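Hi,

Here is the structure I promised to pass on to you.

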Amino acid sequence: MTKILYNKFDKKQISSLPKVEFQGRIVVVTNREEAKKAVDYLLDCKLLGIDTETRPSFKRGRNNMVSLLQVATLDICFLFRLNLTGITPDIIRLLEDTSIPKVGLSLHDDFLSLHRRAQFEPGYFIDLQDYFKELGVEDMSLQKLYANIFGQKISKAQQLSNWEIDVLNEKQKLYAATDAWACIMLYNEYLHLKESCDYSLVRREELGQEAPEE
């Protein structure tokens, strides 16, 4: 069945969609030894999803340092608590790796945040924004993109929670893991759609108006 994609996705539709969450194992990394073991594991994988979280600041002019780096496969996600470990040499080894594709969304922003903690030369990264633009998709937030491609809702309820809390709660862990895992799901679906061409783009120049692409 041909998949219908929209260049712009109406956010009002997202609330009625079924919720999707990461179903795999979540491992929280809080020290350098754990970071080394996690990186060794991840560098033996074929494809990774990546994202970051930062404790929100509600004071004008104040920006907090990135708190969390989440790196996922399809069945396991490691949450590197950077506010506890900093960016260790092993984490830099992961970020500079040039052999394993690491998929994210709006990676420029993630790199800016990570570079505030440590300097590194980004290795093999894939930004979903660049790829889905080829299909004509314009709304590139993770929530809208996932809803557009899969017809499912990623909850953003934990986005503005305290990512520097002593112990991450279960909702925070699941939220963070889902975001990283979702990047893999989206990339794999992009590859399928690109190869099969089994999709049709509907243009919504203004919400409420749509016309199939000629």
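Arg93 and Asp90 both sit in helix 3 (residues 89-96), 3 residues apart, or about one turn of the helix. Helices here are DSSP runs of H or I with at least four residues, strands are runs of E with at least two, and both are numbered from the N terminus.

Before going on, a word on the source: this is a predicted model, so local features need pLDDT of at least 70 and side-chain atom pairs count only at pLDDT 80 or more, while totals for chains, interfaces and linings use all residues. Residues are numbered from 1 along each chain as its sequence is written, and side-chain values use heavy atoms, with hydrogens and water left out.

Back to that pair. Arg93 forms a salt bridge with Asp90, with the closest N and O atoms 2.7 Å apart. (A salt bridge means a side-chain nitrogen of Lys or Arg within 4 Å of a carboxyl oxygen of Asp or Glu.) Asp90 is buried, at 18% relative accessible area, whereas Arg93 is partly exposed, at 33%. For these words, buried is under 20% relative accessible area, exposed is over 50%, and partly exposed is in between, using a 1.4 Å probe and protein chains only.

How many salt bridges are there in the whole structure? The search finds 13. Another one joins the side chains of Lys36 and Asp40, at 3.0 Å from N to O. Those two lie 4 residues apart in helix 1 (residues 32-42), again about one turn. Lys36, Asp40, Asp90 and Arg93 are linked in a network of salt bridges.

Lys173 counts as buried, at 16%, but Glu170 is exposed, at 57%.

Now for the rest of helix 1. Ala35, Ala38, Val39 and Leu42 are buried there.

Cheers
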